[in-house]
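Dear colleague,

Please look through the structure first and then read on.

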Amino acid sequence: MATPLVVSEVAKSFTMHLQGGIRLPVVADVSFSLAAGECAVLGGPSGAGKSSILKMIYGSYAVDRGQVIVTHRGNLVNLATADPRTVLAVRRDTIGYVSQFLRAVPRVSARDVVAEPLIARGVALSDARGKAEALLARLNLPERLWALPPATFSGGEQQRVNIARGFITDHPVLLLDEPTASLDKANRAIVIAMIAEKKAAGVALLGIFHDHEVRQAVADHIIDVTHFAPDRQAA
Amino acid sequence: MNAPSDTIAQYNFAYLDEQTKRMIRRAILKAIAIPGYQVPFASREMPMPYGWGTGGVQVTASIIGPDDVLKVIDQGADDTTNAVSIRAFFQKVAHVAVTTHTADATIVQTRHRIPEEPLKEGQVLVYQVPIPEPLRFLEPRETETRKMHALEEYGLMHVKLYEDIAQHGHIATTFAYPVKVEGRYVMDPSPTPKFDNPKMHMSRALQLFGAGREKRIYAVPPHTRVESLDFEDHPFEVQRFDEPCALCGGMDVYLDEVILDDQGGRMFVCSDTDHCEERRDAGHRGHLAGEDGPPSSISEGGTQ
Amino acid sequence: MTDEPLLRVRSVSKFYGNRIGCEDISFDLWPGEVLAVVGESGSGKTTLLNCLSTRLMPTSGSVAYRMRDNAFHDLYRMSEAERRMLMRTDWGFVHQNPADGLRMTVSAGANVGERLMAVGDRHYGRIRAAATDWLGRVEIAEDRIDDQPRAFSGGMRQRLQIARNLVTGPRLVFMDEPTGGLDVSVQARLLDLLRGLVHELGLSAIVVTHDLAVARLLSHRMIVMKDGHVVESGLTDRVLDDPQAPYTQLLVSSILQV
C-alpha cells in the first residue's frame, strides 16, 4: 500500500530566547508513516506534542532534526528542509490541514473561505463555490451565513467552515487538528462520515481527536506520542 | 559722456554687446539643431521689465542686421503699447526699417499671435515667451521636467488634456496648447491661441522663441512638423467663430471681442490689425465698417 | 511559464558613510509570491526596498529582474530610461503616504489614467473606462472620478494609489507600509482588498511593514530585519508561529492581543 507520508527521527525543541535561552524539548525521534486510505490518530495527553507534530508536517513549525518525506506530484520532498515555495506547493496540492481554529480574514464570505483552496488550484469560481455550498449544506451551516464573513460566527460554526475548507480538495494527505472539538453529536457524525469517504478515496489522514467516540470511529491505528517524549529519549 | 542728443551712439548696434549676441546666436543655433528643445542661455537685463518681452527682444537683437525690416505685434496688433515700444526701441538702437505689413517684414517679433498672412521663406518669427516649460503646471520640479523631456516621458501632458475633457467635455485649453515638434520634443508654443497652432506646422519661416526671465531659447526650423497633442476620440480642433470680422468681413481669422458700450453692445474684429487693414484696403467690408468713404485707419478705428 | 524567479537579489548592501543601511541581503522573489519585510524603524527595511526598486543605488550587490522576454536584466546596468519605463509599466510602488504617490491636484480619473497615457494610450474613452473600472475595483464610487484626491479620505487616497499602480497590469509591486497611517477598520478593508487583488492578478509583491498582522495576512514569506541585517526568513506562518531568532521572538511576543 502507498505511503504518501513518512516521518523519521524528527526532533523538535523550542529555545526561549526571551527567558534566558532555555531550551524546551518537545518531541524526539518521531518516526511513523501514513498509508493511503487509512486514518492514523496521534494519541497521548495534552502537552505531549501532538499539535507540534502536525504543525511540523504542515511546515508551520520548524523541524530541528529528522525528515518529513511527502510524495508530492510523484516526487519525494523533504518538508523538514524544503524552501518556502516548495512547502506552499505541497500545501496547495498534497497536504491539506484542518486547524483547530479558523483564522478568519475580514470581509471574505464563508462560501469563499471554503472555496479558496480550489480556486488556488485553478478551479473555476462558480464550480468552486458550488462545491463549497454543497459542503456547507452537508455540515448544516445555515444558508443565511454563507455570504457572511465567519469572524462573527460561533465556535461550532467556524469549525464547520474550517472543516469544509479542509475537505473540499482531494489532497492525498489530510491533517486534522481536533476538527470535532466544538461540534454537536449530529455534526460529529457527519464529520465521521466525511472522514470515512476520504479513506475510501485513498486519502491518508492524520488526526488529533480528544473525543473518544470519534477516535474509535475513524482511527485505523493510534500513534502514541508519549513514545516520542524527549526525556525518555535522553534516558 | 557728451554724446549727441539725437543719437545713442554709445550703444552697440541693437543694444546688446557683440559677445552677448554671439552667446545668444550659439543658443539659437543649438535650438534650431534640436527643434523644440529648450536651450538655456545667459539672459541679460534689458531696459524693460520681465514680462514685456525681454526674451524676444534679446533674440531679435541678436539676429537683426541693418538691412532687416522689423514688424512687432502684440496680440496681433501693431499699435499697442508693447509693440510700439519695442518697435521704437529697435529704431533707436539699430536704426532699422520698421513696418506693419507682414509681407514686408524680415523679422516679426510677436507677443501671442501668428500673423494671418502665411509667412514666407526668409522670414523669422520671434516669439516672446513667458513660461517655456509645458510640463510646469503638472510637475513643478525643473530637474524632473528636464528628465521627462530627455526620456520622452510625455504622458503627463495628456493628463492635462484628460482633465480638460473630464471637466468640460472637450479639450478646453485655448492658448499655450502643447505641441510635439518633429515627433520628439513637446513644446509650449507660448500663449498664442490654439487657433494659430496649425500655422506653425511646416511653416516656411524660421520660428524662434525667447524666454528672458526663464532664460530659455527654443526654435522650430522651417518645414518642421508641429503637431498639437490630442486624443484619438477628441482630436485637436481650432476655435471657430460664428460671425465674420465686423470691420473687414474676414472669415477664418482670429477675432477679438470689443465692448462698444455699457449696454452689452460688442463686436468682433480681426486680432491681426494689419490683415484687417489690408482687406479693407482691398474693398472688403464688415457690417460695422461703414459703407462709404475711405477705410478708416487702424489707429482711428474701432479696435481701441 | 518558466520556472524562474522574477527578481534575484544578491548581496545587496547600502552604506551611508560608515553607517549600515542594509548589508548583504540575498533572496529570490518568485512570480505570484508576496514577501513581507518586517522590522522596527531603522532596521533597514525601507533602505532595502528603495535599493530593490531603483530608487536608491546600492553600494554593492546586484538586483536582476526578469523582463517579459524572460531575460534577466541587472537593474543598475539598465539605462535610466529603461528603469523608469519599468517603474511605470511592469512595476508599481505604493507609498505609505498617498500624497507621495498621487498627483493631488489632478482628478482621480487622471491619476489612474496617467500610466496608460504614459505608455501611449491616446483614446480618452478607453482611458476613462479603464479608470472607472479600476476605481470600482478599489471600491471608490464612480461619481468621484472627477474629484481630486485632496477631497478624499486617507483610506480612499490609499486605494486610489493602488488603482493608479495596478492599471497597467504590473507584475511586481513594492509597498512601503501600505496601511501605515490608517485607522484599524480602514486598514482591514485595505488589506482585504490588497489580498484579493494580489491573488486575482497573480502579483508578486514586496511589502515593507512593521505590522506582523499585515505580514500574516498578505505575505507568503517573510524577512525579519534588524540593524540592517536579515535575522530570520522563511514561510510567514513558520516565522510567526515558531520564531527562531531572539529578535523575532521579541517581535512576535510584543504583539498586543485584542
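**Cores and one interface**

Leaving aside its neighbours within four places in sequence, Ile162(C) is in contact (heavy atoms within 4.5 Å) with Val94(C), Val138(C), Leu190(C), Leu194(C) and Leu197(C). This is a predicted model, in which local features need pLDDT of at least 70 and side-chain atom pairs count only at pLDDT 80 or more, while totals for chains, interfaces and linings use all residues. Residues are numbered from 1 along each chain as its sequence is written, chains are lettered from A and ligands numbered from 1 in the order in which they are written, and side-chain values use heavy atoms, leaving out hydrogens and water.

Ile162(C) also belongs to the largest nonpolar core, which has 56 residues; such a core is a set of buried Ala, Val, Leu, Ile, Met, Phe, Trp, Tyr and Cys residues joined through side-chain atoms within 4.5 Å, where buried means under 20% relative accessible area with a 1.4 Å probe, protein chains only. A second, separate core of 38 residues includes Val41(A) and Phe153(A).

Turning to the interface, 21 residues from chain A and 25 residues from chain C make the contact. The buried area between these chains (accessible area, 1.4 Å probe, lost on being put together, summed over both) is about 2,000 Å², with 56% given by carbon and sulfur atoms. On the side of chain A, Leu18(A), Arg85(A) and Arg107(A) lose the most area to chain C.

The interface of chain A and chain C holds 6 salt bridges (a side-chain nitrogen of Lys or Arg within 4 Å of a carboxyl oxygen of Asp or Glu). Asp192(C) forms a salt bridge with Arg107(A), their closest N and O atoms being 3.1 Å apart.

With kind regards

Definitions and conventions. Buried area is the accessible area (1.4 Å probe) that two parts lose on being put together, summed over both. Buried means under 20% relative accessible area, exposed over 50%, partly exposed in between (1.4 Å probe, protein chains only).
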